[in-house]
Amino acid sequence: MKPFDSFDALLAHCEKENCTISQAAFAVEKAQSGREQSEIEANLDALMAQMRQTIESGIASDEKSMSGLSGGDAKKIMAFLNMDQCFLPPVTMRMIAYGLATLEENSRMKKIVACPTAGGSGSVPALLIALEHEHKTNPDKSKFGLATAGIIGQIVAQRMHLSGAAAGCQAEVGVASGMAAAAAVETLGGAPQQVLEAAAISMQNLMGLVCDPVAGLVEVPCVVRNGISGVQAGVAATMAMAGVNSFIPLDEVVDAMAEVGRMMNPRLKESAEGGLAQTPTAVEFTNKFFK
Amino acid sequence: MSGSLFDIIGPIMIGPSSSHTAGAVRLGNLVRQIAQNPVQEAKFILYNSFAKTYQGHGTDRGLLAGLLGLTVHDDQIRDAFELARKAGFTYKFSPFDGPNAYSPNTVKFQLVLHNVKKGEPGSNKENPFTIVGHSIGGGRVYLSKINDYNVSLKGESPTLLLFYTDQPGMIWQVTKIIASYNINIASLQCTREQRGGTACMTILLDELLPEAGVKEVQQIPGMTHTLNMDKLPE
């Protein structure tokens, strides 16, 4: 069995075999790697375990990054969760905190799981692990969400390089939010079609997002974007499960995103020469930082 | 093309950037395997996004860590400058400022190596061992050039890289040896400078060829250089 080159082909396979997206992902992985189902599951469990560990240390930490630009915001969100002013439900608050926590640990040069990249590593764990904690999804089943996220990313990666330098932030946080939305729908038992709708909706919303990191660091705006992208993925997953249709099929959304990436000015692709990276505040910081 | 879920989910890595930190470590890991001899001096010419943002992303630390043999999730990546000094090699990072045809995250390694004969690449600064590598996102990388030869090496599976004089029967002789070890070939690519000139064969294997097999390959008349590389560690 060869990897799917389109979401259309993936969906056709699921319909023909009457299987879920994660079952299709396992079938491809087994064929490609020659490994047993149990080995692949153990590998995914190990990655989930690292994601939980990263979040656990991240939400407890006040430590700043080496640049001092980030660190400590995840902890603030967890504290705000208990305040009267907090109007978002706990599951949403945790999605914010967990996304922030993952990126803050990343900026501290601590251990994270790239998903699909380090700069986009917050969305998938934020959503899956917030669901474990506040929606009582079974942690043993989260790996099926993770496998779903993986196969979404695999198919996208055949059409565009998943790096801010190649196609902007849409290729990192944008794709991650699509992967996370798909993972949530799979974990909550949605149909394959809904899994793909969720990814399409989430990616539509971040289409065109530029990569404009202050001083070239994976901190501003990467950290806050990861605090929001998991929530956004949760919204997209909810919309898809409620029956909202993305109108543009996922394959076409991805092709459009790749095309937007090609059209994007190189100054907006991670080189820190445009967008937020060239604001007066960012320039002042950058000059001090590299002195 | 992505062959595995784990190209997308993972690696477990030290931050902050999969392309600039983990990718840099992996490029260093590949180069370490190819250079074979210990590094004495390393110069890194950085292009495009690598040139502009290498310090903030720990690309410099990652490249050194990779050359020292650390993996992408090693906590010591942070201390790579000190580790390089302890290992006794000097290093220099040179951002290239100007138009070029390289992909966004490219580095050219120019290495002076121990135990290299005079006149061979890597023997001194004027004749360095030169490798061009690219980081293409999510920690995935490939090498496009080793000294004068164009290659395409990703480190995603065990690889046998052979340089030889272009002549009939080379593929047959090499694959016969690989078959005798009951190892499956996933892909095989040959390129050559010109008919009868230096040729390069890149063979992706499902398992690493044992040392004895490599020795047999080296014995084939016309074979000038062999490299037997394992896939990059997780």
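B:Cys190 is partly exposed, with a relative accessible area of 34% (buried means under 20%, exposed over 50% and partly exposed in between, using a 1.4 Å probe and protein chains only). This is a predicted model, in which local features need pLDDT of at least 70 and side-chain atom pairs pLDDT 80 or more, while totals for chains, interfaces and linings use all residues. Residues are numbered from 1 along each chain as its sequence is written, chains are lettered from A and ligands numbered from 1 in the order written, and side-chain values use heavy atoms, without hydrogens or water.

**Cysteines**

- Over all chains, a search of the whole structure finds zero disulfides (a disulfide is a pair of cysteine sulfur atoms within 2.5 Å).
- For B:Cys190, the closest cysteine sulfur belongs to B:Cys200. The gap is 8.2 Å, too far for a bond.
- For A:Cys222, the closest cysteine sulfur is that of A:Cys211, 6.3 Å away and again too far for a bond.
- A:Cys222 is buried, at 14% relative accessible area.

**Chain A: fold and size**

- Chain A has 13 helices and one strand (DSSP runs numbered from the N terminus: helices are H or I of at least four residues, strands E of at least two).
- Chain A is as compact as a globular protein of 291 residues, because its radius of gyration of 18 Å is close to the 19 Å of the globule rule (C-alpha atoms only; the rule is 2.2 Å times the number of residues to the power 0.38).
- Along the principal axes, the C-alpha trace of chain A spans about 60 × 45 × 35 Å.
- Buried residues make up 59% of the 291 in chain A.
- Of the chain A contacts between residues at least 6 apart in sequence, 74% link residues at least 24 apart (contact means heavy atoms within 4.5 Å).

- A:Thr54 sits in helix α3, residues 37–60. Its relative accessibility is 2%, which counts as buried.
- Beyond neighbours within four places in sequence, A:Thr54 contacts A:Thr102, A:Glu105, A:Lys111 and A:Ile112.
- A:Leu206 lies in helix α10, residues 192–206. A:Leu206 is buried at 13% relative accessible area.
- Leaving aside neighbours within four places in sequence, the contacts of A:Leu206 include A:Gln170, A:Val173 and A:Gln232.
- A:Gln232 is 26 residues from A:Leu206 in sequence, and their C-alpha atoms are 9.6 Å apart.

**Chain B: fold and size**

- Chain B has seven helices and 11 strands.
- The globule rule gives 17 Å for the 234 residues of chain B; the radius of gyration is 18 Å, close to that, so chain B is as compact as a globular protein of that length.
- The C-alpha atoms of chain B fill a box of roughly 50 × 45 × 35 Å along the principal axes.
- In chain B, 54% of the 234 residues count as buried.
- Among chain B contacts between residues at least 6 apart in sequence, 68% join residues at least 24 apart.

**Surface and charge**

- Chain A exposes about 11,400 Å², with 56% of it from carbon and sulfur atoms (Shrake-Rupley method, 1.4 Å probe).
- Chain B exposes about 10,200 Å², and carbon and sulfur atoms supply 47% of that area.
- Chain A carries 22 positive and 31 negative charges, with mean positions 5 Å apart (Lys and Arg are positive, Asp and Glu negative; His and chain ends are not counted).
- Chain B carries 21 positive and 20 negative charges, and their mean positions are 5 Å apart (charges are placed at NZ of Lys, CZ of Arg, CG of Asp or CD of Glu).
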